[in-house]
Amino acid sequence: MALLDTLEWRYATKKYDPTKKVAQEDLDKILEAARMAPSSSGLQQFRVIVITNQELKEKIVPVAWGQQIVADSSHLLVFAGWNSYTDERIDNTFDKMNALRGLPLDTTDEYKNRLKAQLSSLSGEQQAAHAAKQAYIAFGLAIAQAAELGVDATPMEGFSNAELDELLGLDKLGLKSAVMLPLGYRMEEQDWLLKLKKFRLPKEEFLIELA
């Protein structure tokens, strides 16, 4: 299917068939789409946590305000951003980038130092929010790739970030959860949302053209 067709097909699945699992090959493509996503200054200041352990998914259900789709999904992806920007993190990323490109490590020092100054001027909360925005870009591409493969996905912000971070030990990894994405296959006869027409604003209302 073409991208627009897949976006018309997809919806926020409300009931998953727990007996159906996403093939590793398809999961790899979804994760690769997230990995290939653009990010501010190319820092990739987020990570994707892949959860398949059923017991852990069950523990996340109350953290996700009782939403059973977490437990019934084939895989649960948690997109988490850096909790802060440190010189070490920024230096490490640019060093890897320059090494890959066969460039001297100091090639990007001028830009990198300006970036450090800019980011360090932000509060801790602002830094975490900035990193989370980058995670959302990858999140969107993962959803699109899943749809192209015929894999259902449900964007989820309905959970306690603090509780999830504690449960997964994200603080020890220097991360803060941003959004979750259950993956799997819809249980058509039991999903109330599937029976409803997709609602989107008409183009005339959605688009603002400045000539």
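Trainee: What makes H3 and H8 roughly antiparallel to each other?

Mentor: Helix H3 (residues 54–63) and helix H8 (residues 161–168) pack at an angle of about 160 degrees, and their axes are 9 Å apart. Axes here are lines fitted to C-alpha atoms, for helices over the stretch in contact, and angles run from 0 to 180 degrees between N-to-C directions. Under 35 degrees counts as roughly parallel, over 145 as roughly antiparallel, 65 to 115 as roughly perpendicular, and the rest as oblique. So H3 and H8 are roughly antiparallel.

Mentor: Before we go on, this is a predicted model: local features need pLDDT of at least 70, side-chain atom pairs count only at pLDDT 80 or more, and totals for chains, interfaces and linings use all residues. Residues are numbered from 1 along each chain as its sequence is written, and side-chain values use heavy atoms, with hydrogens and water left out.

Trainee: Which residues of H3 and H8 make the contact?

Mentor: Contact means heavy atoms within 4.5 Å. H3 brings Leu 56, Lys 59, Ile 60 and Val 63, while H8 brings Glu 163, Leu 164, Leu 167 and Leu 168.

Trainee: And what about H5 and H6, how are they arranged?

Mentor: Helix H5 (residues 87–100) and helix H6 (residues 109–120) pack at about 150 degrees, with axes 11 Å apart. That makes H5 roughly antiparallel to H6. In their contact, Asp 87, Ile 90, Asp 91 and Phe 94 of H5 meet Tyr 111, Lys 112, Leu 115, Lys 116 and Leu 119 of H6.

Trainee: Now the rings. How many aromatic pairs are there?

Mentor: Rings of Phe, Tyr and Trp (its six-membered ring) pair if their centres lie within 6.5 Å; planes under 30 degrees apart count as stacked, over 60 as edge-to-face and the rest as tilted. By that rule there are 4 aromatic pairs. In the pair of Trp 82 and Tyr 85, the centres are 5.7 Å apart and the planes sit at 70 degrees, so the pair is edge-to-face.

Trainee: Are Trp 82 and Tyr 85 buried or exposed?

Mentor: Buried means under 20% relative accessible area, exposed over 50%, and partly exposed in between (1.4 Å probe, protein chains only). Trp 82 has 4%, so Trp 82 counts as buried. Tyr 85 has 9%, so Tyr 85 is buried too.

Trainee: Why is Gln 126 called partly exposed?

Mentor: Gln 126 has a relative accessible area of 44%, so the label is partly exposed. Gln 126 lies in helix H7 (residues 124–148).

How values were computed: Helices (H or I, at least four residues) and strands (E, at least two) are DSSP runs, numbered from the N terminus.
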